[in-house]
Amino acid sequence: MSRRGNKKRSRRSSSSDRKKSHLTKAERRRHKKMRGPSKSASAKKKKQKSAERSPLLGLSARRLWVFRIVAAIFVPALFFALLEFGLRAASYGYRPAAILKSRMDGKTVYCDNLRFGWRFFPPNISREFTPFTFAENKADKTCRIFVLGASAAQGEPCPAFGFGRILKTMLQEEYPEVNFQVIVMAMAAINSHVVLEIAQDCARRKPDLFVVYLGNNEVVGPYGAGTALSPFSRHLSLIRAGIAIKCTRLGQLIASLLESLGSDEKKLRVWKGMEMLSHRQVRIDDPRLETVYAHFQRNIEDIIRLGRRAGAKVVLCTVGNNLKDNAPFGSLHRGDLSSVEIEKWKAVYEKGIADETDGAYDNAVKSYTAATETDDTYAELYYRLGRCYQALAEYEQARNSYVRARDTDTLRFRADSRINQIIRDIAHHNEANGVHLVDAVELFEQNSPNRIPGSELFLEHVHLNFHGNYLLAKAIFGQVVKLLPARLGAFNPAERPILTETECARRLAWTDWDRYKIADKVVNEFLKKMPFTNQLDHDQQVGQMEQDLAAQKTSLTRQALDDAAAQYQSAIEQNDSDWVLHERYATLLLEDLEDPRSALEQYRRVAELVPHSYLGYYNMGTALFKLGNLPEGIVQYNKAIQTKPTYGYAHYLLALAYRKTNEVDKAIRHYSAAIRRQPDLVPAYNDLAEIWMRQGKLDKAIDVCRRGIRLSTNNAMLHCNLGVLLNKQNHRDEAIEEIRKAAEMDPNSARIRQVLNAVLSGRR
């Protein structure tokens, strides 16, 4: 188009605009109407029509975003809610509460939940409460006390004689018109993260008092800096969110899937106690400890808040431990020491050892003190220094050195000074808020020679003997009697002094037999395993304890056992509703007095008193087996497994019974379950391999033996049986190698020598 044409149109357009500018408003409206709608008006009209067709587009921008946000939240929430409902409807998962409702003798009661620990441990190795029941309805003149803590509060290694049971005995004697429910809500290997969850359940059950004895496992328990049970986190909110998620069935499903995806090497399939954590060393200057202390303080404060909100007073206890007779479990040099400094330290330290060995304690103290100037974080150095000060009768310096040895121990199984100071500070700051302190550390020092606690009070590192438990119960009793609720009415204590230790021992049937059983457990199940085996002078200490143990066993004559039985009978006559007395008495009858029939009656009473627990049924099955009543024994073992499906040894004994009654398929099923639930149960591998061998399924038998050897490398019979099976498959060289390994492991076994000779001679 030409420029001239463009200019003409431009002039016409501008002329038209000038004309329009002279029009009135009314004339412009008429003019616009005559021309018809503009393009923009047309588009607007179309948009309005479109909006009429689609209500969503008619929303304002703000409302549209609100709709989108609500949809983004509501739809997934609805999906997960439906999934959660579906899992519950399908009976997937477990109830996560610490306390459950149950029915007993036609009444509603509260009882412990065996599966509570599954949120914090793999189910196969989960820890559990000592079984308890108490009435749902809190009758008049009832005082409900919850004892919260870990294994030391539970009363390990024998909860029958823990301070909670002694406390109840004292209170019931002093105030016979009051029904004292002292419920021990404690279990091994837990810490304040777990106890807070327990306290939440206790707060819903009309508590009058919380007694808290807690602090040993803060570093090594769940979510601690030195644990193998769960990941460490610096964020308390994340820890609590993770725990809360596992309360849901969906959370349990996710946790199970994640567990199944992990490598077998990293799975905790067998409970090995402290041994599981013996490589988890944490130095005193590890920055993660500050997080542990902060979490502990917050958890204790929240436990107090829960108790007070529920109307309960709170007794906080500091936590004592063995200073004098428990050397550190682990020692490490300061992380920033150079190799030159380490060599310098070693030279001075070794001179101190030489002086100490020669009895030159003054010189040893000088050498050890000089070593601390180079490195003041090596725990064993301070323990040696404490021994030297003690030998020189400088007891205050000795105690301070032992405390420092405990605080610098890199395997932190004992509450350190910082933990106990946090407890004291919290109690002091909340004194006006119904919180009271029992300083157990001070109590134990006052009742120890030279104020240095040792084996006079402790069985090993933290667990109290009967004397220690009595002292702690007596101190707590002194606080509890000041805090009894006014609703119990005006009553006077019995006009007699508090029960003595001897009287408590008689009422709880603390016998010479019990002393021996507990000492045997401590030596063989604790002290002979890691990390105790790494301790200074471990061999000498265990050797002395074994001598004492042998002397105790010798003194357990038939007359002594009969006397112990009489003590139990007397205690049961006074308190027939105490299932613990029946259970301990039955064990004495079954194991040492060899009276399975009488034991069976006691175990029946246990099952009546705590019907939700597997203990009565399992032990009834054992007694029935000894009586030769396999069919009824099978019934009881099945009841035990229904109550505790993860109980590997019960599966094993049930499999053994089925095998004896020629129900081989059932035997195979329960042997397999026993291996799955308790992978170190060697007899189950041997028995199952033998069944497969008899059925001619040699490949399956060999696979079972190899699986057993992977988990129990030092078992002679597994190697021998594997050799026999390999020989049957003509793998003669490998068979001979396996049987020779077995002979080296058990050179005194006539059977293994016989098998080896047979294979060497070419027989199958």
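A: Let's start with how residues get sorted here: Ala, Val, Leu, Ile, Met, Phe, Trp, Tyr, Cys and Pro count as nonpolar, Asp, Glu, Lys and Arg count as charged, and the others, Gly among them, count as polar. Keep in mind that you're looking at a predicted model.

With that sorting, the lining of the second largest pocket splits into 20 nonpolar, 14 polar and eight charged residues. The lining has 42 residues, and the space in this pocket comes to about 1,300 Å³.

Several strands and helices give at least two lining residues each: strand 2 (107–112), strand 3 (133–135) and strand 5 (179–186) on the strand side of the list, along with helix 5 (151–154), helix 6 (163–174), helix 21 (558–574) and helix 22 (579–591). Helix 6 gives the largest share, with seven residues.

Asp302 sits in helix 10, which covers residues 288–309. Asp302 counts as buried because its relative accessibility is 9%, and the cut-off for buried is under 20%. Its side chain makes a polar contact with the side chain of Arg240, at 2.7 Å.

Then there's helix 17 (residues 466–483), whose 18 residues reach 25 Å from first C-alpha to last, close to the 26 Å expected. Asn465 caps the N-terminal end of helix 17, with a side-chain oxygen 3.2 Å from the backbone nitrogen of His467. Among the buried residues of helix 17 are Phe466, Tyr470, Ile476 and Leu483.

Notes
Residues numbered from 1 in each chain as written. Predicted model: local features only at pLDDT ≥ 70, side-chain atom pairs only at ≥ 80, totals over all residues. Heavy atoms only, no water. 1 Å grid on protein atoms, 1.4 Å probe; cavity = no way out; pocket = protein on both sides within 12 Å on 5 of 7 lines; lining within 4 Å. Points joined across faces, edges and corners; volume = space filled by probe spheres on them. Helix = DSSP H or I, 4+ residues; strand = E, 2+ residues; numbered from the N terminus. Buried < 20%, exposed > 50% of the residue type's maximum accessible area, 1.4 Å probe, protein only. Polar contact = N/O pair within 3.5 Å; in protein donor to acceptor, adjacent residues only side chain to side chain. Expected span 1.5 Å × (residues − 1).
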